[in-house]
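Please work through the following exercises on backbone geometry with the model in view. Each task is followed by its solution.

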Amino acid sequence: MTITPLSPQGRRAPRIGVLGSYGGFNTGDEAILSCVLGCLRTQRPGARLVVLSRDAEHTRVHQPEADEVVDWEGVPRRSVLDVLAGLDLLVLGGGGILYDGEARRYLRLVGAAQACGVPTFAYAVGAGPLREADDREAVRTVLPAMDEVVVRDEESRLVLEEVGVDRDITITADPALLLAPEPFTEQMMRQEGVPAGVRLVGMSVREPGRAAENLDEGGYHALLADVADFLVRRLDAHVVFVPMERHDVRHAHGVLSRMTAPDKGRILNNAYTPGQVLGFMSHVDLVVGMRLHFLIFAALSGLPVLPLPYSGKVFDFARRMGAPALVGVDREQAGLLLAEVDRLWDEFPQRRADLHDRVRRLRELARETCVRCGALLDTLDTVRPEEPFARSDRLDAAAGDPARARSAFRT
C-alpha cells in the first residue's frame, strides 16, 4: 500500500512544479526562483517542490528549497511528460520568459501539463517583445487556459493584450523584490581588488540580443564609459561592474577599455549568489545600470538609481521607482545622461523617503502574487482532496484523448 505524505495541516502534500529560465544562466532569474520557492514553502510547508531546470545540477547545488530537480532540455520527451503529469500544480515563472524565440518553448510544456489536467499558474511573468508568429500563437492559445495569469508590470499586460490574450490579467511586481541579502564581506571586497574607504559606483551592462534589440554595442559602451569617467571625477569614486550573466563580463571590459580612467574601474570576477550580490549593495553609494535585477537590488538597498532603459521592463521599473528614465541608450544622449546622474546625486537626500515608500509598495505587490498562488492551492484542496488517480494514466486519459498531451508537446 502506498502511503501519501501529509502536510502539517493534514492535507495531502501537493507536488508543485516550477518552470522558468533556471540553471545559473542569470543572477536575476536565480533570485526569482529562490523567492518563488520560498513563497511555495510558506504556503505549503509539506509540498514537494519540483524545479524544471535548464541545468539540473546547478539548481540542485544552489537551490536548497527544491526537493526535486529535473532537466527539461535535451532529454527524452516522455520523461518530461511523466514529470508534468505527476504534478498537482505547474507554476510558470516568474521573470521575463514570454518573448520571441522563448515563449513557445516554455508554453509547450505548460500546454502539455494542461492537456494532462494539471492546473497552471503564471507567477509574475514578463512579456515582450512578441512579434514572431509561433510565439504569439502559443501565447494566445495557452495563457487563456491557465488558472491564473499574473504579470510583473503594466508593459507585460499591454504586450499580452496586443497579442490577443482575452482574459483577466493581474499586475503585481517582480518576485525578486522579496529577496533577502547575504553578507558580502570585506574579505570578498579585497579578493576582488575593490579599494576600501572610497566611494563606489555600481554599474551593470548587458549584451545585445532578442531581449535588447535596439542596443548598439559600440555606442552604448562609449556612452557608459563617459558616465563612468564623469562619476570618477564628480564623486572621486571607483566604478565596480557587476556581471549578472557570464556574457556581461565581456561587455564590462568593453566599457572599461573606453574609459579615460580605467585604473578606477573593477569587474567582479567571482561567482556569487543573488543574496550576495544584493549584499554587495551595502558597499555602494550610487548605481547606474541596465540589468533589471541589478536595479531592483539597488532599490532594495535604498540607493540612488539611474536606470538605462533598453526595454519596456526597465522603463516600467524606472517609472514605478520615480527614477529618471531616458529614451534609449545611445551616445547622442551623453550630455543629458550626465546631467541626470548629477542631479540624481544632488537630490537623492530629499528623495530617499519617497524611494523607501515606493519599494515598500512594490514588495507588497510581490507578496500578493504569493498569496494568489496560495489561494489557488486552497481551491485545489477543496476540489480534489482525495488521492488523485495514478499520474501515469493522465498522459493517455487527458480529456479522453490519448494523443492530446503528446500533441501539446510537439515542436
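The exercises below concern peptide bonds and phi angles.

The model is predicted, so local features need pLDDT of at least 70, side-chain atom pairs count only at pLDDT 80 or more, and totals for chains, interfaces and linings use all residues. Residues are numbered from 1 along each chain as its sequence is written, and side-chain values use heavy atoms, with hydrogens and water left out.

**Exercise 1.** Determine the omega of the peptide bond from Gly93 to Gly94 and locate Gly94.

Solution. Omega is near 10°, and the bond is cis. Gly94 belongs to the loop between β4 (89–92) and β5 (95–98). Strands here are DSSP runs of E with at least two residues, helices are runs of H or I with at least four, and both are numbered from the N terminus.

**Exercise 2.** Is Ala124 buried or exposed, and what is its phi?

Solution. Phi of Ala124 is near 50°, a positive value in a residue other than glycine. Ala124 lies in strand β6. Its relative accessible area is 0%, so Ala124 is buried (under 20% relative accessible area, with a 1.4 Å probe and protein chains only).

**Exercise 3.** Give the phi of Asp236 and classify its accessibility.

Solution. Asp236 has a positive phi near 55°. Asp236 sits in the loop between α8 (217–235) and β10 (237–241). Its relative accessibility is 56%, so Asp236 counts as exposed (over 50%).
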